[in-house]
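Open the structure in your viewer and keep the selection panel at hand. The stops below say what to select next and what is there.

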Amino acid sequence: MEIESLDRLSALSHPQRLAVFRLLMRRYPDEVPAGEIAEALALKPSTTSVYLSSLGDAKLITQHRLGTSLRYRARTQAAGELIDFLFNECCRGRPELCPPVPSSPPKGALTMTDTTYNVLFICTGNSARSIFAEAILHDLEGSRFKAYSAGTNPGSELNPLAVEMLASKGHDTSLLRAKHISEFQTPEAPKMDFVFTVCNRAANEDCPAWEGQPISGHWGLPDPVKAEGSLAERRLAFQQTYGALNNRIKAFASLPIEIHNRISLQAAVDEIGAVDLEGTH
């Protein structure tokens, strides 16, 4: 265990290798192509390959071939094992030096801010996907969840086809607007219990950690705004995105949050995000 942990610490000691691992952790449970990792971090393909090989040798990530493409996923278990090693072997299990990481999920309910849970959905433009998610959760379980959405680089207006889609599904769009993520990072902002990224680009960005350590998840979906073709084909792209989010949010809203602990709830959120549009993993 000690040799394996030292190998992992060595692999993560390089700033760019650490950046690769952090990106894959943010994108978990996605399997991310090497080319997308290189593009997101502005790395050369050859350099990215070397970094991925080092992380793989340390068993911090897994590799899966899909057709001609190699895809990579973070091994969250390895991260937990490394923290556990540091606490038990280096801190000698002293809680005044560093907090322990439980080896098994504790029993009991998850402590949240209130019986109403604040949920934030993030994408880049905050004009379609995150707006869909906000509207769906608000109308599905408005008494149990308070839904918000924001963008890392929002435009000034919502996408017209997104507004049209929501209206056709019976959602009130009058109060929806594009918002920057900074609105929810002030001391006065509501404290989030859940934060979901619904686009890959937003998840790729290295944003500051949220106060209170909310449960986070990545539910990346293709951007319907970028769909091309006839008006009917573009509307179909919005319909598919709405349907995928609707299914995921229904699954999320049905979770018995009050009886989950933090670890099991995070696993449930990740499982919802692991199913892609075609139902494969």
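Buried means under 20% relative accessible area, exposed over 50%, and partly exposed in between (1.4 Å probe, protein chains only). This is a predicted model, in which local features need pLDDT of at least 70 and side-chain atom pairs count only at pLDDT 80 or more, while totals for chains, interfaces and linings use all residues. Residues are numbered from 1 along each chain as its sequence is written, and side-chain values use heavy atoms, with hydrogens and water left out.

Select S127 to begin. S127 counts as buried because its relative accessibility is 16%. S127 sits in the loop between β4 (117-123) and α6 (129-141); helices (H or I, at least four residues) and strands (E, at least two) are DSSP runs, numbered from the N terminus.

Next, go to L9 in helix α1 (residues 2-12). L9 has a relative accessible area of 33%, so it is partly exposed.

Then move to the sheet. Which strands form it, and in what order? Three strands form an open antiparallel sheet, ordered β1-β3-β2. β1 (32-33) and β2 (61-66) are at the edges with a single partner strand each, so one side of each has no neighbour in the sheet. Two strands pair if DSSP finds at least two bridges between them; β1 and β3 (residues 69-74) pair in the antiparallel sense over two bridges. To finish, select V32 and its bridge partner in β3, Y72.
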